[in-house]
Amino acid sequence: MWDLLPNEEETMIRHSVRAFLAAELPIERLRPNAKPVDMAGLRRAMIELGWVGVGLPEDVGGSGLGLVEEMLIQRECGRHLVSPSVMASVLAAHVAHAAGDNALAADLVSGEVAAALCLPSGQAFDWAQDDLLLVWNADGMGIFDAASFAAHRTEPCLDDSLAMHAGRLDLQAARHWVESRNAPLAMR
């Protein structure tokens with residue numbers, strides 16, 4: 001029989017991530033007239049804590065842990081409404097690593113490069129002009145350079161803490177594409 005309860009190390013990870021996010025990203029930040037949060041500083045702190053590379057091997061700057069530890073961190077990020085760009089950078093590092101581009105994977109883990117989540121239809125969330133774009137569909141998952149995102153414009157979003165851009169993504173211009181059958185990255 002499988003034991004699906006978190007072990008002591010997993011519980012410690014969950015509690016430390018939860019405590020960090022509760023202190024840095026209180027839900028009150030989403031209320032009208034709330035004090036803004038330094039999201040760039042928060043992202044740097046998450047990178048320094050190793051959250052982007054927790055499930056990647058040490059040779060690319062990761063921690064060498066597994067899917068469970070990575071999921072625990074991302075679950076807490078979801079509970080605290082962290083920008084989807086954090087998850088996009090984690091997944092983009094996995095795509096780069098699976099594609100054999102360990103230099104790009106290391107740059108994503110270290111925060112030298114960032115990625116934003118982009119839907120195949122061309123909506124990108126918390127994208128900055130020089131960020132990579134992470135896209136996935138039933139066929140696989142890929143990384144796209146900013147140049148493949150044309151005619152983009154800022155769109156209004158119900159959530160003021162999230163920036164949304166719409167544009168045309170050239171789905172034929174992937175920098176790296178990893179097919180689902182070769183690496184089940186969508187499970188992450």
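1. In this predicted model, the axes of α4 and helix α5 (residues 102–110) come within 7 Å and cross at roughly 165°. Angles over 145 degrees count as roughly antiparallel, and α4 and α5 are therefore roughly antiparallel to each other. The crossing in which α4 passes α5 is left-handed.

2. As for the residues behind this pairing, α4 contributes S89, A92, A93, A96 and H97 to the contact, while α5 contributes N102, L104, A105, L108 and V109. By residue class, the contact of α4 with α5 divides into seven nonpolar and three polar residues, with no charged residue taking part.

3. Which residues of α1 and α2 meet? On the α1 side they are F20, L21 and E24, and on the α2 side they are L42, A45 and M46. The contact of α1 with α2 is made up of five nonpolar residues and one charged residue, and no polar residue is found in it.

4. Turning to the open space in the model, the second largest pocket has a volume of about 330 Å³. Of the 19 residues that line this pocket, those closest to its centre are M39, A40, R43, S85 and A114.

5. Which helix gives the largest share of the lining of the second largest pocket? That share, seven residues, comes from α2. Both α2 (39–48) and α4 (84–98) supply at least two residues each to the lining, and each of these helices also belongs to one of the pairs described above, α2 meeting α1 and α4 crossing α5.

6. The contact of α4 with α5, by comparison, has no charged residues, and the contact of α1 with α2 has one.

Technical notes. Residues numbered from 1 in each chain as written. Predicted model: local features only at pLDDT ≥ 70, side-chain atom pairs only at ≥ 80, totals over all residues. Heavy atoms only, no water. 1 Å grid on protein atoms, 1.4 Å probe; cavity = no way out; pocket = protein on both sides within 12 Å on 5 of 7 lines; lining within 4 Å. Points joined across faces, edges and corners; volume = space filled by probe spheres on them. Helix = DSSP H or I, 4+ residues; strand = E, 2+ residues; numbered from the N terminus. Axes fitted to C-alpha atoms, helices over the stretch in contact; angles between N-to-C directions. Parallel < 35°, antiparallel > 145°, perpendicular 65-115°, else oblique. Left-handed = near helix turned anticlockwise from the far one by under 90°. Contact = heavy atoms within 4.5 Å. Nonpolar A, V, L, I, M, F, W, Y, C, P; charged D, E, K, R; others polar.
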